[in-house]
Every structure is written in C-alpha cells, then in structure tokens.
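Reader: I would like to go through this model and ask what stands behind each label. Please set each value against its cut-off.

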Amino acid sequence: MAAVIETTETDRAKAEFETNKLSKRLHRLAGQAITDFNMIEEGDKVMVCMSGGKDSYAMLDILLNLQQRAPIRFELVAVNLDQKQPGFPEHVLPEYLTARGVPFHIENQDTYSIVKRVIPEGKTTCGLCSRLRRGILYRVAGELGCTKIALGHHRDDILQTLFMNMFFGSKLKGMPAKLVSDDGRNVVIRPLAYVPEVDLERWAAHRQFPIIPCTLCGSQDNLQRVQIKQMLRDWDKRFPGRVDNLFSALGNVVPSHLMDRNLYPFATIQASGVADPQGDRAFDEDEGCAPPPPASIITVQR
C-alpha cells in the first residue's frame, strides 16, 4: 500500500512539473510574439475573438495572465459571434466569461442561413463563413472602441496557410502575426503565432475549457486544410525539427534567391566586380545536413 501511495505521489508531482513547464512555455512564446511584433501597446483595448474552440480559450487565458504581469496597461474584451448554427450552446461562453470576470459582448448574426442558402449542399462552407464573420467582427471592433483584434491562430495554422497558398494558389504567402485589416481600420494580431498546436491541446485538457465543436455546420473532413494538417503532423513525427525549421524560414526570407521580380530587381542587376559571400549561395545538396568533405578529396578542375 505504501508503495502504491508513493508511486501516486510521484506521478502527481511529475504531472504538476510538466504542466508548470507547459504553462511557462506558452506564456513565454506568446509574450515573445507580442514583443517581436509590437502587438499590444500602452492603452490598447484588445478584442479577443472567442469561437469556443481550444485556441481562443487558450489565447484569452494567456492574455489574462500576461495582462497582470505586463509593464503596460491594456484592456481585454471577449467577443463571440453567435452565427445561429443549429445546436449552438449559446449559454456556454457567457457562463464561462462571467465566471472568469471577463468583460464580453455576444454579437447575434444569422450568417448560418446565408451560408446554407449560397453554398450548394456538400461543398465547403468555411470560406464564405469566414468572410462574413470577419466583416462583422471588424464592425463590432469599431463599435466597442477596440484598437486591436486578437485572433487565436497558432503556428500550425500559419504553416497550413503557407502550404494552402503554395499548393492551390501558386503564392508564397502565409498568415502574418500582425496586419492591417481589409477595411484599413483595424489592426489584427495573432498572439499565439509562435505556439505549436499540440501545446494548446494539452493546455485545453489541463484547464478543462468548455469546448464548443466547430462541426455544427456538418463534418468537413475532406477539407484540403485537414489533409495538410495531417501532412505536417506526420512530418513532425517522422522528422523532428522539420516543422520548426519551416516556421523559422518564414522569418528568414532571402528575396534574391526567390523569383519574384517585384521584390528583387533581377532584370537590372549587373556584375559589380566586388565579391559577395552571400551572392551565389542557395542550398547545396546536403548542406547543413552533413559535415563538409575533407579537403583532401576535393579536386579542382583546371
């Protein structure tokens, strides 16, 4: 019996240690993203968009904690758009936000009926739904006097968007951590930009957020984004570090080694006669993956 109790205590201590480590990592990554992109400034009123999913719950949770520690003063207001999907548990978010003592606003707009009327049965509804939701949230931000709009997109969302744009839009385009909205009136921020989704899943389980599933419009498991998510998860499992490197590459762009003529003046470049150590370096085969060959086996053609 004593051995069982001791084992239980050890397991509990280990679980507590891991949870504490996860909490520190989440707050460090979110804080670093906020600092790197100057997302939140003195006196800001941040509209925290709440869908009822794990990401938006975690974002609010982290921002509330950071608000207590930050050297600057800023306000938070949680906003949920009730789109009138059948079966949407409209009581869940108000009850949770009231219990947390968070100021909130519920915007009621029946975009579900519009989407169902416009999109043929069996087709993907997410695109139109997202555009309608975005326009409404921009308007609400102005009505509430918010200076920033915080969305819960994480690192994996950003990478999935990169591949979506490459595979299906022929664009090298991701999802920025900070941008000015389409209407030019709002600054949109993504405080979770550096955070891996697996960490948010663990945090949501630990915090026992009352998750509202995003399947109220019907299952859409055939979405290309779902397939890309599975691809990235598989890479992360089979090739540790690959996904981290992909994400780091988004902040380490070399326009001269891409092919966008609007970003680099390929048509007008001329030989200068001055050596440039970075001028003709792409990624030689296996460069960075293996040590260079010994000088003794390198031959020079004359």
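Author: Leaving aside neighbours within four places in sequence, L26 is in contact with I62, V195, D199, L200 and W203. The model is a predicted one.

Reader: What makes L26 count as buried?

Author: Its relative accessibility is 0%. Buried means under 20%, so L26 counts as buried. L26 lies in helix α1 (residues 2–36).

Reader: How far apart are the C-alpha atoms of L26 and W203?

Author: They are separated by 8.7 Å, while the two residues are 177 residues apart along the chain. For the protein, residues 24 or more positions apart account for 76% of the contacts with a separation of 6 or more.

Reader: Why is K148 called buried?

Author: The value for K148 is 4% relative accessibility, and therefore K148 counts as buried, the cut-off being under 20%. K148 is in strand β4 (residues 148–150).

Reader: What makes the pair K148 and D44 a polar contact?

Author: Their side chains are joined at 2.7 Å. A polar contact needs a pair of N or O atoms within 3.5 Å, one able to donate a hydrogen and the other to accept it, so the pair K148 and D44 qualifies. Beyond four places in sequence, the contacts of K148 include N38, M39, I40, E41, D44, K45, V46 and M47, and also V187 and I189.

Reader: Which label, buried or exposed, applies to N186, and why?

Author: N186 has 6% relative accessibility, so N186 counts as buried; the limit is under 20%. N186 is in the loop between β5 (178–180) and β6 (187–189).

Reader: How do you know that N186 and D183 make a polar contact?

Author: The distance between their side chains is 3.2 Å. The cut-off is within 3.5 Å, so this pair counts as a polar contact. Leaving aside neighbours within four places in sequence, N186 is in contact with Y138, A141, I149, L179, V180 and S181.

Reader: What span is expected of helix α6, and what span does it reach?

Author: Helix α6 (residues 155–169) has 15 residues and reaches 20 Å from its first C-alpha to its last.

Reader: What follows α6?

Author: S170 follows, with a positive phi near 55 degrees.

Reader: Which residues of α6 are buried, and what covers them?

Author: The buried residues of α6 are R155, D156, D157, I158, L159, Q160, T161, L162, F163 and N165. The cover includes α2 (54–69), α7 (197–207), α8 (224–238) and α9 (242–249).

Reader: How many cavities of 30 Å³ or more does a search of the whole structure find?

Author: Two are found. The largest cavity has a volume of about 70 Å³. Its lining consists of R155, D156, P196, E197, V198, L232, R233, D236 and V243. The elements that give two or more residues to this lining are α6, α7 and α8, and α8 gives the most, with three residues.

Reader: What classes of residue make up the lining of the largest cavity?

Author: The lining has four nonpolar, no polar and five charged residues. Asp, Glu, Lys and Arg count as charged.

Reader: How many helices and strands does the protein have, and what share of its residues counts as buried?

Author: The protein has nine helices and six strands. Of its 302 residues, 33% count as buried.

Methods: Residues are numbered from 1 along each chain as its sequence is written. This is a predicted model: local features need pLDDT of at least 70, side-chain atom pairs count only at pLDDT 80 or more; totals for chains, interfaces and linings use all residues. Side-chain values use heavy atoms; hydrogens and water are left out. Helices (H or I, at least four residues) and strands (E, at least two) are DSSP runs, numbered from the N terminus. Buried means under 20% relative accessible area, exposed over 50%, partly exposed in between (1.4 Å probe, protein chains only). Contact means heavy atoms within 4.5 Å. The expected span of a helix is 1.5 Å times one less than its number of residues. On a 1 Å grid over the protein atoms alone, a cavity is a set of points where a 1.4 Å probe fits but cannot get out, and a pocket is an open set with protein on both sides within 12 Å along at least five of seven lines; lining residues have an atom within 4 Å of a point. Grid points are joined across faces, edges and corners, and a volume is the space filled by probe spheres set on the points.
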